[in-house]
Structures are given as C-alpha cells and as structure tokens.
Amino acid sequence: MTGYLKRKSAKEFREAVDKAKLIVILTHTNPDGDALGSVTAMSSYLKFSGKACRIVVPNPFPRNLAFMDRDRKILINTRHTDAVKDVFSRADLIIALDFNQLKRVDDVEPLIRNSKAVKVLIDHHPEPENSAFDIVISNTEVSSTAELLFWLIRTMEGGSVKKVPADCAQALYVGMMTDTNNFANSVAAGTFKMSYELLDLGVDKETLQLKVFGGFSEGRMRLLGHSLLNKMKILHEFGAGYIILTREELEKFSFSEGDTEGFVNMPLNINGITVSALFTEKDGHIRVSLRSANGFSVNRFSRKYFNGAGHERAAGGKLFIPVGEVGEYFEKCLALEQDSLSKAQDL
Ligand code: 5GP
Ligand code: MN
C-alpha cells in the first residue's frame with residue numbers, strides 16, 4: 001500500500017490513461033464539493049500529463065462552488081445535452097468519480113452503459129457497482145474521493161505531489177474540506193498528512209474556506225433560520241430529528257442549488273439525537289438527506305426505505321410521495337427500525 005492505495009491500482013490506472021485519446025471525467029447528480037473537487041483535480045492533473053479530457057456533470061452545481069469551474073468548460077448534461085452525447089460518443093476512457101451506483105448520474109447512465117470506452121471508478125462509498133466498470137479504485141477508509149485521488153496522484157508521481165499544478169492541489173483540498181465538513185467528520189491521520197502536503201505546496205486554505213463556507217446568500221441564511229425555528233421536528237423517543245422543506249418555502253427564500261447544504265447536520269447537535277433527515281421537495285420527487293451520529297447505518301436505512309445509499313453516517317435518496325405524506329412515512333420507518341435506533345442511543 002502507498003498511503004490508502006494499492007500500488008497495482010495506480011499502475012493499472014496509469015496504463016489506461018496512457019492509452020486514452022479522449023477522456024470523459026464524470027461525477028454524480030447534485031455535485032457537491034468532493035464531486036467537483038475530484039473532477040476538476042483529475043482534469044487539471046490529466047491536462048498537466050498532456051491528455052485531452054472533458055468534465056461532465058448531470059445537473060448544475062451550487063453557486064458557492066462555481067469558482068472551481070475556472071474556465072467555464074464543465075459540460076452540464078441538463079443544459080449541454082448534445083455536447084455531452086457527442087463527447088461520450090468519442091471518448092475512449094471514462095473516469096467516474098465519487099459515486100457508487102450508475103443510477104446516481106440520472107440521464108447520463110445510458111451514455112455510460114452504451115459506451116465502448118474503458119470505464120474506471122474512483123470512489124469512497126461502500127458497495128460500489130463493480131460490474132459496470134473495468135477498473136475500480138475504491139476505499140471507504142478515506143475522508144473523500146478527493147483524498148483517494150490525492151493518494152493515487154501521489155503514487156503515480158513517485159511518492160510526492162511537489163510537481164502537481166496549483167489548481168489540482170487546490171481542488172483536492174476543497175474536496176476533502178467539504179466532505180469532512182471542515183475537518184469534523186471522517187478525518188484520519190492520512191487526511192492530515194494530505195492537508196500538510198497540500199498546504200506545503202501553497203494551497204491558500206483561508207481563501208478556500210471563505211469561498212466554500214462563506215459564499216452563501218442572505219436567503220440561504222434566513223432559510224436556515226426558518227428551518228430550525230419553524231420546521232425542525234424532534235422525536236426524542238427515536239433519538240431522531242427531521243426537517244421538511246416544500247417547494248413553496250424554498251421559493252420564498254429565493255432558493256438556489258446548494259442552499260440547504262449542511263442543514264441536515266443541525267438536529268444531530270441536540271443532546272440525545274442520533275439520526276437526522278432533511279427532505280426537500282423537487283420536480284417529481286422528494287430529495288432525502290440522512291445523517292447519523294453513531295452506530296445507526298443510514299446507508300442501510302436509505303437502501304431499505306428511501307431508494308438510495310451512501311455512507312454509514314451520511315446517505316441520501318429519493319421519495320416519490322406527496323410532500324404532505326413525508327413526515328408520517330419517515331416516522332413509520334423509524335418505528336420499524338426501533339430496535340437498531342435504541343441500540344444506537346445506548347452507545
Ligand atoms: P447528501 O445528503 O449530502 O446529499 O448525501 C450524503 C451522501 O449520500 C453522499 O455521499 C452521497 O453520495 C450519498 N447520496 C445522496 N443521495 C443519494 C442517492 O440518491 N443515491 C445514492 N446511492 N447515494 C446518495
Ligand atoms: Mn464524497
């Protein structure tokens with residue numbers, strides 16, 4: 001192992017990249033900091049290695065992360081549908097980052113399935129859909145896909161990141177910083193080693209912190225206040241808390257993509273609360289976000305009741321019921337999981 005990576009994986013990946021003429025770099029729907037950090041870092045590194053590549057995301061990314069698309073070249077499938085189709089038809093290598101199931105890329109899924117390109121997955125979620133890929137680099141022990149990418153690039157560079165371009169280093173740092181919620185979750189010794197080496201290269205952590213966590217609108221702040229004051233429901237008997245936001249409410253606070261990022265963590269700050277959920281009404285479905293503080297697997301919970309998946313302590317999914325029925329449904333699911341919830345509360 002080199003850091004958190006098998007040396008063989010780096011060799012296999014390098015060989016695939018060396019052979020490729022056009023590379024598509026892809027991440028999941030509703031791209032977050034780790035998703036965007038990983039694709040932009042990969043793109044920067046591949047360009048530095050002399051390769052031609054394009055980044056594809058299924059739908060738009062949050063405003064506070066727009067600075068990561070420096071040259072405004074990211075293809076967004078819902079907006080640039082024809083260009084995305086074209087680039088997939090010409091690509092001979094597809095690198096998928098930060099997701100573990102093909103359904104996570106919505107309308108891009110058939111483009112991957114029908115492509116004859118070599119397919120690589122680099123990810124940190126449990127139970128990846130291995131059969132859909134030729135090469136899988138997966139590790140659930142790292143903080144983020146960006147961290148896994150850091151170890152991959154470092155290995156390919158002979159054990160040092162000294163030569164990687166500045167924007168690649170910056171993107172890796174942003175991915176790790178957002179997925180750990182600013183060093184609060186999933187941080188291990190390797191995460192600090194990565195941070196040390198990236199800061200040593202000159203990554204400006206204050207500016208990045210300000211851009212990522214300080215780039216929100218006034219509406220977002222007031223939506224957070226409204227959610228906590230008027231919408232958060234606490235169920236002490238289950239050690240659970242949840243917030244439901246309707247489309248009407250989102251519009252009232254001039255919602256833009258990414259504004260509810262972080263809301264789901266709030267109920268967990270209450271003594272005795274070990275599982276929390278955020279439900280937001282979207283076009284044709286309810287987006288589900290789940291977190292747990294100990295023991296209780298929201299990855300399993302999401303797979304069982306919310307058509308999704310994720311990590312043990314952070315997961316997401318979708319519901320296809322009217323927003324008015326969500327609270328009752330969630331409380332029913334909690335009741336069905338009463339035993340595992342009680343165990344988690346006792347930990
Ligand atoms: P978030 O709540 O921040 O949207 O997502 C938390 C975690 O769950 C992330 O790691 C994300 O990749 C995963 N996740 C979110 N939504 C879904 C989903 O619909 N399906 C699956 N498989 N994973 C999801
Ligand atoms: Mn991630």
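The entries below cover conventions, the ligand and the cavity.

Conventions. I am working with a predicted model, in which local features need pLDDT of at least 70, side-chain atom pairs count only at pLDDT 80 or more, and totals for chains, interfaces and linings use all residues. Residues are numbered from 1 along each chain as its sequence is written, chains are lettered from A and ligands numbered from 1 in the order in which they are written, and side-chain values use heavy atoms, with hydrogens and water left out.

Ligand 1. I found 14 residues around ligand 1, the closest being Gln-101, His-125, Arg-287, Ser-289 and Arg-291 (a residue is near if one of its heavy atoms lies within 4 Å). For polar contacts (pairs of N or O atoms within 3.5 Å), I noted a side-chain N or O atom of Arg-291 at 2.9 Å from an oxygen atom of the ligand, and a backbone N or O atom of Ala-309 at 3.2 Å from a ligand nitrogen atom. The strand β12 (314–319) is among those that supply at least two shell residues, and β12 gives the most, with four. Domain 1 (7–213) and domain 2 (218–346) both contribute to the shell, so ligand 1 lies between them; the bounds come from an automatic or database domain assignment.

Cavity. I searched the whole structure and found one cavity of 30 Å³ or more (on a 1 Å grid over the protein atoms alone, a set of points where a 1.4 Å probe fits but cannot get out, with lining residues having an atom within 4 Å of a point; the volume is the space filled by probe spheres set on the points). The largest cavity holds about 40 Å³, and its lining includes Pro-62, Phe-216 and Asp-259.

Key. On a 1 Å grid over the protein atoms alone, a cavity is a set of points where a 1.4 Å probe fits but cannot get out, and a pocket is an open set with protein on both sides within 12 Å along at least five of seven lines; lining residues have an atom within 4 Å of a point. A polar contact is a pair of N or O atoms within 3.5 Å; within protein, one must be able to donate a hydrogen and the other to accept it, and residues adjacent in sequence count only if both atoms are side-chain atoms.
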